[in-house]
Amino acid sequence: MNADGINEAVVIGNVYDCIDGYPSRYIGAFIFNADRSRFNEDGYDWRSIPQDTGAPLSEDYYQIESNLPNPAAADLDGDGRLEILYSSYDGRVHAFWLDKTEHGNWPYSVYNPSEGFFRFASEPVVADLDDNGTAEVIFTSWTQIGSWQTGKLHILDYLGNPLHEVPLPAAWDGSDWNGGLPAPTLADIDGDPDLEVVVNTAHTGLVAYDLPGTSQARILWGTGRGNYQRSGSILKGNLSGSTKSANRFQASPGDSVTYTITLRNPGPALEGVTLTDRLPPTTSYAGGLTASSGAAQETSDVITWEGDVPAGAPVTIQYNVTLDDAQSDPHLVTNTARIDDGLGSALLRQAVLSVNGYGSYLPQVEVNFRP
């Protein structure tokens with residue numbers, strides 16, 4: 001939370017009185033250290049939490065679908081420290097700084113008493129849409145059962161001031177309310193430079209909205225629970241799924257072999273990835289070096305590559321070698337590539353060829369069943 005390199009756990013919970021009926025009082029935010037003690041660092045003391053943040057409008061899911069206060073953690077103001085955001089059963093979206101206060105126009109209410117019905121808000125997502133150093137907060141809302149109204153897509157600035165509020169479509173199935181309960185998801189779904197926001201509505205299916213001018217956006221918390229693993233954590237890119245292969249396993253001296261290295265990253269994007277592949281002495285470079293992105297080159301039988309590996313879009317590097325025809329004994333040729341992820345971690349990927357070897361095949365057994 002305070003950018004000291006040590007992770008904390010943020011927990012949002014219903015604070016209630018231990019008396020008959022257990023009446024709810026407010027939704028509280030907690031920060032725990034790894035040993036389950038309360039966070040207290042750099043002058044930010046969370047041994048006591050912000051209290052009385054807002055009483056529930058309703059906890060009756062026959063009246064309005066229940067609010068689930070899943071937290072999001074993101075740096076709203078660009079100071080390097082994270083803020084805690086969550087929606088609450090008080091009809092508002094909260095954003096707490098580490099000083100335990102809500103700055104600007106936070107909390108932001110989606111509930112307007114003059115409308116005559118309740119509204120609740122979804123878990124928020126966070127991104128610096130215009131890459132100006134401060135973040136925008138995006139969430140949806142839904143309405144009370146029987147209201148014949150629909151929720152909205154809300155986009156606020158980092159201080160909780162509304163920038164855009166777009167009504168979601170009315171229910172298509174005759175239902176008497178509509179809106180978006182889960183967190184929206186930010187992604188480029190149509191291949192243009194800009195992001196879209198995808199919303200799963202209660203009674204209109206999936207809808208998507210363009211976000212013009214977001215080609216340089218920085219996504220800070222882009223989907224429900226922060227990532228597609230739904231782990232509630234800020235993930236780093238990971239190249240552990242990367243592979244190296246040859247277009248054959250058995251080969252003979254003088255043969256040409258094509259190697260393929262595929263860099264796979266589930267996300268977020270990794271920048272400044274490098275690859276070094278020094279060819280074994282019994283092979284020589286035979287051209288055909290290509291890369292689907294980034295920059296690849298060959299010097300003295302050493303293949304190098306440098307570039308970015310985006311989330312969910314593999315990078316493929318290929319090249320050809322010729323096997324030394326002076327080798328007559330059966331042997332294995334092992335070709336190893338070193339991949340540095342740009343974050344201080346490296347991994348090795350190998351492809352193995354059997355040269356002058358003999359194939360051994362299992363028998364094929366067919367069993368016919370007859371009535």
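His-94 lies in strand β7. The model is predicted. The protein chain has 28 strands and zero helices. Its radius of gyration is 28 Å, whereas a compact globule of 371 residues would have one near 21 Å.

**His-94**
- At 0% relative accessibility, His-94 counts as buried, because the cut-off for buried is under 20%.
- The side chains of His-94 and Asp-90 are joined by a polar contact of 2.9 Å.
- Beyond its neighbours within four places in sequence, His-94 is in contact with Thr-53, Ile-84, Leu-85, Tyr-86, Ser-88, Glu-102, Trp-106 and Pro-107.
- Two of these contacts, Leu-85 and Trp-106, also belong to the largest nonpolar core.

**Nonpolar cores**
- The largest nonpolar core has 36 residues. Trp-46, Leu-76, Leu-85, Trp-106 and Phe-139 touch the most other members.
- Elements giving two or more residues to this core are β2 (24–32), β5 (72–74), β6 (83–87), β7 (92–96), β9 (119–121) and β11 (136–143).
- A second, separate core holds 25 residues, including Leu-263, Leu-270, Ile-317 and Leu-353.
- In soluble globular proteins, nonpolar side chains tend to be buried together.

**Gln-144**
- Gln-144 sits in the loop between β11 and β12 (152–156).
- Its relative accessibility is 17%, so Gln-144 counts as buried.
- A polar atom of the Gln-144 side chain lies 2.9 Å from the backbone nitrogen of Phe-118.
- Leaving aside neighbours within four places in sequence, Gln-144 is in contact with Gln-63, Ile-64, Phe-117, Phe-118, Asp-176 and Trp-177.

**The six-stranded sheet**
- Six strands form an open sheet of mixed pairing, in the order β19-β28-β27-β21-β25-β24.
- β19 (250–251) and β24 (295–299) stand at the edges. Each has a single partner strand, so one side of each is left without a neighbour in the sheet.
- β19 pairs with strand β28 (residues 346–355) in the parallel sense, over two bridges. Ala-251 has Val-355 in β28 as its bridge partner.
- Strand β21 (residues 270–278) pairs with strand β25 (residues 302–309) in the antiparallel sense, over seven bridges. Here Arg-278 stands opposite Val-302 in β25.
- β21 is also joined to strand β27 (residues 331–340) by four bridges, and these two run antiparallel. Asp-277 has Ala-337 in β27 as its bridge partner.
- Leu-270, a member of the second core, falls within the range of β21.

**Whole chain**
- The C-alpha atoms fill a box of roughly 85 × 70 × 45 Å, taken along the principal axes.
- Buried residues make up 41% of the 371 residues.
- Among contacts between residues at least 6 apart in sequence, 58% join residues at least 24 apart.
- The chain exposes about 19,000 Å². Carbon and sulfur atoms supply 49% of that area.

How values were computed:
Residues numbered from 1 in each chain as written. Predicted model: local features only at pLDDT ≥ 70, side-chain atom pairs only at ≥ 80, totals over all residues. Heavy atoms only, no water. Pairing = 2+ DSSP bridges. Core = buried A, V, L, I, M, F, W, Y, C linked by side-chain atoms within 4.5 Å. Buried < 20%, exposed > 50% of the residue type's maximum accessible area, 1.4 Å probe, protein only. Polar contact = N/O pair within 3.5 Å; in protein donor to acceptor, adjacent residues only side chain to side chain. Contact = heavy atoms within 4.5 Å. Rg over C-alpha atoms; globule rule 2.2 N^0.38 Å. Areas by Shrake-Rupley, 256 points an atom, 1.4 Å probe, with all protein chains shown as cover.
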